[in-house]
Amino acid sequence: PLLRTLQATRDWSQCLLRADEATVFRRLALFVGGFNLEAACAVASDAALDRAAVAAALASLAAKSLVSVDRSGAAARYRLLETMRAYAQQKLAEAGETRPSQRRHAEHYAAAIREALEVYFGAVLTDAEFFDRYVVDLGNVERAIDWALGPEGDAGLGAAMIGDCLPLML
């Protein structure tokens, strides 16, 4: 009975969301741990939902406490509670959006790795700044690589990501 009550409560909350909020909410399920606004916009936006709409929906989801916000660092970091992330993953699959969202997630983190390489070897950030900006997303990078190398992924993208990560590990 308790699990059914929790499911019913989540379903009811989902019904109260505008269509753009519901779309962004379920696409955020792909993130492991936290993410920043740029990542949310890259993963949740598409031809039907632009980055400004994603940013507005994310702010609304945070105001409704469906997404938590940590403002302690240089830039805000967002996060879904694990139970909400599992629910959002279920909704993402039901909407048939998992594969395109996973591709956008992987492409975003592939670009982030390339940027991290340029920044790291350009020595424009201190170690602490580099950590705050890039290392906090290692879980998302690992998830992106796992998808890319998986049966429905893009092996070329995965191999490129691994190759780009190697200099950062040395």
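**Exercise 1.** With which residue does Arg-18 form a salt bridge, and how far apart are the closest N and O atoms?

*Solution.* Let's start with the ground rules. This is a predicted model, where local features need pLDDT of at least 70 and side-chain atom pairs count only at pLDDT 80 or more, while totals for chains, interfaces and linings use all residues. Residues are numbered from 1 along each chain as its sequence is written, and side-chain values use heavy atoms, leaving out hydrogens and water.

Step 1: recall the term: a salt bridge is a side-chain nitrogen of Lys or Arg within 4 Å of a carboxyl oxygen of Asp or Glu.
Step 2: find the partner. Arg-18 pairs with Glu-21, with the closest N and O atoms 3.1 Å apart.
Step 3: look wider. Arg-18 and Glu-21 belong to a salt-bridge network that also links Asp-20 and Lys-64.

**Exercise 2.** Decide whether Glu-21 is buried or exposed.

*Solution.* Step 1: take the cut-offs: buried is under 20% relative accessible area, exposed is over 50%, and partly exposed lies in between (1.4 Å probe, protein chains only).
Step 1: apply them. Glu-21 has 0% relative accessibility and counts as buried, whereas Arg-18, at 43%, is partly exposed.

**Exercise 3.** Find what the salt bridge between Arg-103 and Asp-154 ties together.

*Solution.* Step 1: check the contact: the closest N and O atoms of Arg-103 and Asp-154 are 3.2 Å apart.
Step 1: Arg-103 lies in helix α6 and Asp-154 in the loop between α8 and α9, so the pair ties together parts 51 residues apart in sequence. Helices here are DSSP runs (H or I, at least four residues), numbered from the N terminus.

Definitions and conventions:
Helices (H or I, at least four residues) and strands (E, at least two) are DSSP runs, numbered from the N terminus.
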